[in-house]
Amino acid sequence: MTSPSHSALTRNISLYRWSRFLRSLLFWQAIWFLYYQDVLSASDAILLYALTDIATTALEVPSGYMSDRLGRRKTLIASALAGLAAAVLLVFGGSFLLFAIATMLFGASTAFSSGTDEAILFESLAAIGREDEIEYQEIIAWRYSFTALALSAVIGGALAMIDMKLAYVAVVFSFAGLTWLTWIMVEPPHEEITNNGAEQLRWRHILGNARNPVLMWFFVLSALLYAFSHLPFVFGQPFILEALDAMGFASSAPLVSGTVTAVMMAISVMVSLMAVKMRNTLGLPVLILGAFALQVAISGVMALSDSVLVLGIMMLRMVPDALTRPFILGRIQPLLPDDSRATWLSLQSFVGRLLFAFALIVGAISTTDVSTMPYEDIQTILAVATIIGTTALALLALFARKIAIDAPSK
């Protein structure tokens, strides 16, 4: 296979940040729970999100393996096409079955991109001798992603005030653009495995990763960060509806939800501008453990009160992502072999999604079978989660004292 040119690999780096932008134009993000519980019920809304995570979870490791075997570009094209199909189905959805098929396709889309998009960036950089830029490039990509999430949240909320399905129509166009952009990427060079002996070596590498205390510490932390980041995402919309209903403004919930999400992403973009300075000042362990503590605290505050003032705390939900994910990827990617990089990153996501899917199923079972989710149910779920998160934070901090979490200085 002919190696891609230097210019094509450089273009990959630019396309990567725009692919993250298009993938994050989720105009439905601020209204999906409101829409599902309006058409079906609150418990169905939780189950549908759980189905998304279950589909993603089931395909996480196979998709990472597919990426390592078949290539980054092909896997990302499959991701974009699955997302496009999901968006089209959601436009025409009206029953639990259609919604379920669409959400599972969206879960597949997420699984195919998980680990693979980060791998294509790192390997494109490494191929042209710029791998030291990985943290910087990931921070830029996250700014693009947060900006897209902010724009699509407020626009989607406004569209939903006219007709909720318009938010889903807009996502069709964003995934159509993502499909085209992914198609024009090139496959970066990376170590290939083609025989059975080498295949066994791949799995030895994965087992070797599991024996690396630094990789395992970040593995556990990443899984917890995923779960606690998404708790306010799932329960935030019914929380907002309950808070506004007490003030007589329930009809404005889609627009308010979109605005809260937009401000949330804007704050994260601003924080990302200071992220490198904060990392250098505080050190990596303090920075990311502090970010996780903030994530747990958000769930705790939501469990303490249903006041509209809590919306201000909810706006900090994506700040921990801005302070952790680029640095986690920058720390662990150089430790991962090419032949198992995407598989390991997918395994990491797999555990996080499995943990969160389990929490959602428990939440759906314990939720009152009414169309609108009451605050008492939200409070119980988030209170239990806060206790678990606080315990996990203490254990991670304890182990961090014995492990070289930060990269050794050169």
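Predicted model: local features only at pLDDT ≥ 70, side-chain atom pairs only at ≥ 80, totals over all residues.

Reader: Fine. At what angle do helix 1 and helix 6 cross?

Author: Roughly 155 degrees. Helix 1 covers residues 6–23 and helix 6 covers residues 116–127. Their axes come within 9 Å.

Reader: So are helix 1 and helix 6 roughly parallel or roughly antiparallel?

Author: Roughly antiparallel. Angles over 145 degrees count as that. The crossing of helix 1 with helix 6 is left-handed.

Reader: Which residues meet there, between helix 1 and helix 6?

Author: Helix 1 brings Leu9, Asn12, Ile13, Tyr16 and Arg20. Helix 6 answers with Asp117, Glu118, Ile120, Leu121, Ser124, Leu125 and Ala127. By class, that contact of helix 1 with helix 6 has seven nonpolar, two polar and three charged residues.

Reader: Next one. How do helix 1 and helix 7 cross?

Author: At roughly 30 degrees, with axes that come within 7 Å. Helix 7 is residues 134–162. Helix 1 and helix 7 are therefore roughly parallel. Their crossing is right-handed.

Reader: Which residues make the contact of helix 1 and helix 7?

Author: From helix 1, they are Ile13, Tyr16, Arg17, Trp18, Arg20 and Phe21. Helix 7 puts in residues including Gln137, Glu138, Trp142, Tyr144 and Leu151. The contact of helix 1 with helix 7 counts ten nonpolar, three polar and three charged residues.

Reader: And helix 8? What angle does helix 8 make with helix 1?

Author: About 160 degrees, with the axes 9 Å apart. Helix 8 runs over residues 165–183. That makes helix 1 roughly antiparallel to helix 8. The crossing of helix 1 and helix 8 is left-handed.

Reader: Which residues touch, between helix 1 and helix 8?

Author: Leu15, Trp18, Ser19, Leu22 and Arg23 sit on the helix 1 side. Ser174, Phe175, Gly177, Leu178 and Leu181 sit on the helix 8 side. Six residues of the contact of helix 1 with helix 8 are nonpolar, three are polar and one is charged.

Reader: What lines the largest cavity?

Author: 47 residues do. Thr110, Trp142, Tyr226, His230 and Arg353 lie nearest its centre. Trp142 also belongs to the helix 7 side of the contact with helix 1.

Reader: Which helix gives the most to that lining?

Author: Helix 10, residues 213–245, with seven residues.

Reader: And how does the lining of the largest cavity divide by class?

Author: Into 21 nonpolar, 17 polar and nine charged residues.

Methods: Residues numbered from 1 in each chain as written. Heavy atoms only, no water. Axes fitted to C-alpha atoms, helices over the stretch in contact; angles between N-to-C directions. Helix = DSSP H or I, 4+ residues; strand = E, 2+ residues; numbered from the N terminus. Parallel < 35°, antiparallel > 145°, perpendicular 65-115°, else oblique. Left-handed = near helix turned anticlockwise from the far one by under 90°. Contact = heavy atoms within 4.5 Å. Nonpolar A, V, L, I, M, F, W, Y, C, P; charged D, E, K, R; others polar. 1 Å grid on protein atoms, 1.4 Å probe; cavity = no way out; pocket = protein on both sides within 12 Å on 5 of 7 lines; lining within 4 Å.
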